[in-house]
Amino acid sequence: QFATLFDATAGLAGPLVVALAAAGLLLGAPWRDRPDPWAYGAAAAVFAVFAAPIVLSGRTTFAGYIKLDDTATYLAMTDRVMEHGRSLAGLAPSTYEATLATTLAIGYPTGSLMPLGIGHQLLSYDVAWLYQPYLTVLAALLALALYAVLDRVVESRALRALAVFVAAQPAILFGYALWGGIKELLGALLLALIGALLPWTLDEKRGPRAALPLAATCASLVCVLSLPGAVWLVPAALAAAVIVVRRPRPILGKAGVFLGAAAVLAIPAYVAAVDWLPRIGAFDKETNLGNLAGPLSDFQLFGIWPVGDFRVHPHDSGPTYVLIAVVIAAAALGLWWAWTRRAWELLSYAATAGIGCGLFLAVSSPWVAGKTLAMASPAALAAAFAGCAAALAHKRVVEAGVATFAIVAGVIGLRAGAAT
């Protein structure tokens, strides 16, 4: 995103990424690690689910345009920012120019568009036909991040693969994906990645440079969601403090590297904030519904909402709330299980997503609240599956089986039936 800060350097974003990727392959040597087939199998299954609505249509297309025209806006922004940055110089009055004047020119965050635009630069392929595959890849990456989060609380790799397959597709997040919700999917991925990286970074066996991946992830979150998105990092910092208190270790060097790297990598967000922050007042108004029919139910955080359109309530709400209660009970057990096992990944993720979501729900508009619920919802399902694993570990096979079946049926089975 640094390259797109200036018109003259915008075209260098793709080559810069290629250079960094080559360095990563040479220095990191990822081929030395043995891949986990269960992890990649779960990611492939999630990819297939999110791709299915497009692939099964039998044509090259993208979802969501009828209900939300953000896709067209994002395509216009990507087209411009990858060639000219935020500059609108030389554009004649047109719908294209007017769209960019209400987004790029006022500091709208472009972090979520970078991989899409770089793919376009490297492949010279029409960005419109890269959009839906990009969203689908984000969903698959979310599954991989969730697999890492659950590593120490769900010992069975088969059960963990099932858990991430379901947790990566809560009803509200899947619904936003069908709207073309690029920031929601990428935000959900980054929150899960922060949860996985916090304990890894604070491991006493790792030196100060281990803070760089976490710094890059946190800076990416701010660049994707704009500077106010840093609110999500407040509970993450609290989770890090708890980890340090529970397991004291030297962190001064890591803290310095993290703060310095995060501050530098988030510079594109600061630059955009100069124009963007004065305009975000509308996002905390209760009347700002966007394309929603009304405020969404906070219960959608728990991933089960068996209706074809997440903006409306299920016709028969009784079974829905029973299944949501199962998710809540299982999630509480899962967080207790993570605490007893010192599985800080899940605890960090749940704290970041849960507390951050609560903060945004308290102060933001219904439109922003809906996006917040979507980004945080995989955490609730991940914790619920940890609870199922806890019951299984304590020889409560029947209870674990019933809870697992209820969650899977609620997230996938009932949603599929409602969509049909």
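Residues are numbered from 1 along each chain as its sequence is written, and side-chain values use heavy atoms, with hydrogens and water left out. In this predicted model, local features need pLDDT of at least 70 and side-chain atom pairs count only at pLDDT 80 or more, while totals for chains, interfaces and linings use all residues.

On a 1 Å grid over the protein atoms alone, a pocket is an open set of points with protein on both sides within 12 Å along at least five of seven lines; a cavity is a set where a 1.4 Å probe fits but cannot get out, and lining residues have an atom within 4 Å of a point. Grid points are joined across faces, edges and corners, and a volume is the space filled by probe spheres set on the points. The largest pocket is lined by 50 residues, and Leu141, Leu193, Ala216, Thr217 and Ser220 are the closest to its centre. Two or more lining residues come from each of helix H1 (13-28), helix H2 (37-55), helix H5 (114-123), H6, H9 and H10; helices are DSSP runs (H or I, at least four residues), numbered from the N terminus. H6 gives the most, with nine residues. By class, the pocket lining holds 38 nonpolar, seven polar and five charged residues. Here Ala, Val, Leu, Ile, Met, Phe, Trp, Tyr, Cys and Pro count as nonpolar, Asp, Glu, Lys and Arg as charged, and the others, Gly among them, as polar.

The largest cavity holds about 70 Å³ of space. Among its 16 lining residues, Gly107, Pro109, Ser226, Ala269 and Ala272 lie nearest the centre. Helix H10 (211-225) and helix H13 (267-276) each give two or more residues to this lining, and H13 gives the most, with five. Eleven of the lining residues are nonpolar, four are polar and one is charged.

The second largest cavity has a volume of about 50 Å³. Its lining consists of Phe50, Gln132, Leu135, Thr136, Phe174, Ala177, Leu178 and Leu185, with helix H6 (128-149) and helix H8 (171-178) each giving two or more residues. Six of these residues are nonpolar, two are polar and none is charged.

Turning to helix packing, H6 and helix H9 (residues 182-202) pack at about 20°, with their axes 9 Å apart. Axes are lines fitted to C-alpha atoms, for helices over the stretch in contact, and angles run from 0 to 180 degrees between N-to-C directions. H6 is therefore roughly parallel to H9 (angles under 35 degrees count as roughly parallel, and 65 to 115 as roughly perpendicular). The contact is made up of 19 nonpolar, no polar and no charged residues.

The second pair is helix H3 (residues 70-84) and H5, whose axes come within 9 Å and cross at roughly 65°. These two helices are therefore roughly perpendicular to each other. Thr78, Val81 and Met82 in H3 meet Met114, Leu116, Gly117, Ile118 and Gln121 in H5, a contact with five nonpolar, three polar and no charged residues.

Note on methods. Angles under 35 degrees count as roughly parallel, over 145 as roughly antiparallel, 65 to 115 as roughly perpendicular and the rest as oblique. Contact means heavy atoms within 4.5 Å.
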